[in-house]
Amino acid sequence: MAVESSEFPEQKRLVDKLSYEAFKSASELEVRQYLFGRFRRTDTELYEFIETLFYHPLFKSIMISTIALNAIFLALETDYKVRYESHFFLEVADLAILAIFTTEFLLDLYLDPINYWKDGYKRFDFVVLVVAYLPYIIYRNNPKMYHISGLLKGFQVLRVLKLIYYSPGMTILMRALAQTAKNVIYVLVLLFLLMFVFAILGHGLFGDPVTGDKNWTSLAAAFFTLLSLVTVDGWTDLQDELDERGFSGSRTFTIIFILLGFFVFFNMFIAVVIMDIQDSTEKYEQKLQTEKKALLRAKKLAIVKRQQDEINALLYEQKTTEYKTFDELVEEFKKTLLHTDPVILEEFCCSLPFIDLYFMSLDRQDAAVYKLQELYYEMVATLTTMMRESQQKSWQSLQSLRQKYKTK
């Protein structure tokens, strides 16, 4: 299927990138070296080796397993008995895990030292790595520093968040949550204004210092009470306290605020988050489809180029070998082909294997038609014989009836 000229710009960039990778060209490396200026790489072989190692699926599996083990060890350290009896083992395990995370950081920084600091998640990962080293730098035997050491040790749980980087689903979710910040802020501002209005009203209606309810005596207490109402958490207890003090209109006040705060704004907040997550998921799926199409086209271009090189090599070989005609050269080349050799689908009818297969199919079709004609002739002959036999039987029966009639 031919690729139209109206492709997305992103798809075109992916095609160009994957085409270079398919042809194993060194031009991309040269462009990078040119862009780096005087900081050009001279260790191209080491760079390719580390790049292959870093993006290998086995390395990803090792990192995910390390993160899972780190989470398990952090959970075990919450038990004082386990932490006391296995202190040395947990310390060694923590150092080993920290060494693996440091190795990952160094490899990633080596591959792309400039764009590494442009990624917000990677900057956060670096900060977490630095915090993980702090407990081993400070003097933990000092009683004043022991509390700080325990606090920094607790921050090591942030290393579990590295799992987000290796999970596309969680990455999409985090990006969607980041994109929803703007819309969510608008909803929260509207909710704050609503709570402010009802806090002033509640303070005026139920906040009398003598006969009022303690939950409405100040603006801060009123906000805290409205927060409980908007989450519908214990609102019945708050309403019972108002009923005990004889505020007859309090139920109307509570119902109106719950309808506006919970059923409208709170659900609006959830709807905005869900819509942005769905939009991010669709964009991610579209990106995967674009990458898939670009990779397929790059493979096709690579196959076309290889076939062109083979044809050019055949033409050159024809001039320099003992073959007299191109047909002899093609027949000799066909003997070297395997069943596993890929065949490009674009301009398929112009390829020699397709033409050979097409003529073979026509021959088999002619043979099938000839056999069908023979079967047709045999069926006609059989039906004709059956009709003649039936006519003879009917004629004989008619003659026998006439003879019987004459004798009578």
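**Close-up views of salt bridges and a helix residue**

**Figure 1. Glu310 and Arg306 form a salt bridge between their side chains.** The N-to-O distance in this pair is 3.7 Å. This structure is a predicted model. Both Glu310 and Arg306 belong to helix α13, where a spacing of four residues places them about one turn of the helix apart. Glu310 has a relative accessibility of 31% and is therefore classed as partly exposed. Arg306, with a relative accessible area of 38%, is also partly exposed. Side chains of opposite charge can pair when their charged atoms come close.

**Figure 2. Asp309 and Lys305 are joined by a salt bridge.** The closest N and O atoms of this pair lie 3.3 Å apart. Asp309 and Lys305 are four residues apart in helix α13, which spans residues 250–320, so about one helical turn separates them. How exposed is Asp309? Its relative accessible area of 39% makes Asp309 partly exposed. For Lys305 the relative accessible area is 37%, and this residue is likewise partly exposed.

**Figure 3. A salt bridge connects the side chains of Asp243 and Arg251.** The distance from N to O is 3.2 Å, which lies within the 4 Å cut-off for a salt bridge. Is Arg251 buried or exposed? Arg251 counts as exposed because its relative accessibility is 52%, and the exposed class begins over 50%. Asp243 has a relative accessibility of 28% and counts as partly exposed.

**Figure 4. Glu104, Asp125 and Lys162 take part in a network of salt bridges.** Which residues does this network link? The view shows Glu104, Asp125 and Lys162 linked together through salt bridges. In total, the structure contains seven salt bridges.

**Figure 5. Leu134 is a residue of helix α7.** This helix covers residues 120–137. Leu134 has a relative accessible area of 31% and is therefore partly exposed.

Key. Residues are numbered from 1 along each chain as its sequence is written. This is a predicted model: local features need pLDDT of at least 70, side-chain atom pairs count only at pLDDT 80 or more; totals for chains, interfaces and linings use all residues. Side-chain values use heavy atoms; hydrogens and water are left out. Buried means under 20% relative accessible area, exposed over 50%, partly exposed in between (1.4 Å probe, protein chains only). Helices (H or I, at least four residues) and strands (E, at least two) are DSSP runs, numbered from the N terminus.
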